[in-house]
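This report covers side-chain interactions and surface features. Please view the sequence and the model together before reading on.

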Amino acid sequence: MAVARTRRKKAAYRKRVQNRFSMFLVILALLMILAAVYASSIKMQAKLDTLEAQSAALQVQIDAEKERAQEIELLLKRSQTKEYYEEIAKEKLGLVNEDEIVFKAED
């Protein structure tokens with residue numbers, strides 16, 4: 001009986017050691033997975049920050065282009081008026097209306 005008891009104790013001891021080793025391997029695997037996920041998370045956060053900065057820069061460009069489009073629209077509307085044609089004729093061609101008096105400065 002003593003031999004059977006000793007064998008059972010040895011078998012139980014081996015199972016405990018084997019269970020501890022298995023638990024150690026499982027915990028080690030979980031820690032490795034956790035480290036990989038954390039590293040991936042850091043990379044993804046950096047990429048997200050970069051993309052958000054690009055998005056903000058592009059939004060600024062979009063706003064500037066919208067403002068420019070409004071200015072062009074106003075210029076287009078203004079260029080279709082009689083006053084605009086008169087202004088251009090005076091500035092570029094030096095023309096005046098019939099009822100205007102032109103004063104020239106002497107040098």
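The sections below take up the basis of the values, salt bridges, a surface patch, an aromatic pair and one serine.

## Basis

The model is predicted, so local features require pLDDT of at least 70 and side-chain atom pairs count only at pLDDT 80 or more, while totals for chains, interfaces and linings use all residues. Residues are numbered from 1 along each chain as its sequence is written, and side-chain values use heavy atoms, with hydrogens and water left out.

## Salt bridges

Two salt bridges are found in a search of the whole structure; the criterion is a side-chain nitrogen of Lys or Arg within 4 Å of a carboxyl oxygen of Asp or Glu. One of them joins Arg-68 to Glu-65, with an N to O distance of 3.4 Å. These two residues lie three apart in helix H1 (residues 2-79), so about one helical turn separates them. Helices (H or I, at least four residues) are DSSP runs numbered from the N terminus. Arg-68 has a relative accessible area of 47% and Glu-65 one of 46%; both values fall in the partly exposed class, between buried (under 20%) and exposed (over 50%), using a 1.4 Å probe and protein chains only.

Arg-78 and Glu-87 form a salt bridge in which the closest N and O atoms are 2.7 Å apart. Glu-87 is partly exposed at 31%, as is Arg-78 at 38%.

## Nonpolar patch

Phe-21, Phe-24, Leu-25, Leu-28 and Met-32 make a nonpolar surface patch of about 520 Å². Patch members have over 30% relative accessible area and no salt bridge; nonpolar side chains (Val, Leu, Ile, Met, Phe, Trp, Tyr) are joined within 5 Å, and like charges within 9 Å. Areas come from the Shrake-Rupley method with a 1.4 Å probe, and for residues only the protein chains shown count as cover. Met-32 belongs to helix H1 and is exposed, at 55% relative accessible area.

## Aromatic pair

The count is one aromatic pair. The ring centres of Tyr-84 and Tyr-85 are 6.2 Å apart and the planes meet at 65°, so the pair is edge-to-face. Rings of Phe, Tyr and Trp (its six-membered ring) pair when their centres lie within 6.5 Å; planes under 30 degrees apart are stacked, over 60 edge-to-face, and the rest tilted. Tyr-85 is exposed at 54% relative accessibility.

## Ser-79

Ser-79 lies in helix H1 and is buried, at 17% relative accessibility. Its side chain reaches the backbone oxygen of Leu-76 at 2.8 Å. Leaving aside residues up to four places away in sequence, Ser-79 touches Tyr-84 and Tyr-85, where contact means heavy atoms within 4.5 Å.

Note on methods: Polar contact = N/O pair within 3.5 Å; in protein donor to acceptor, adjacent residues only side chain to side chain.
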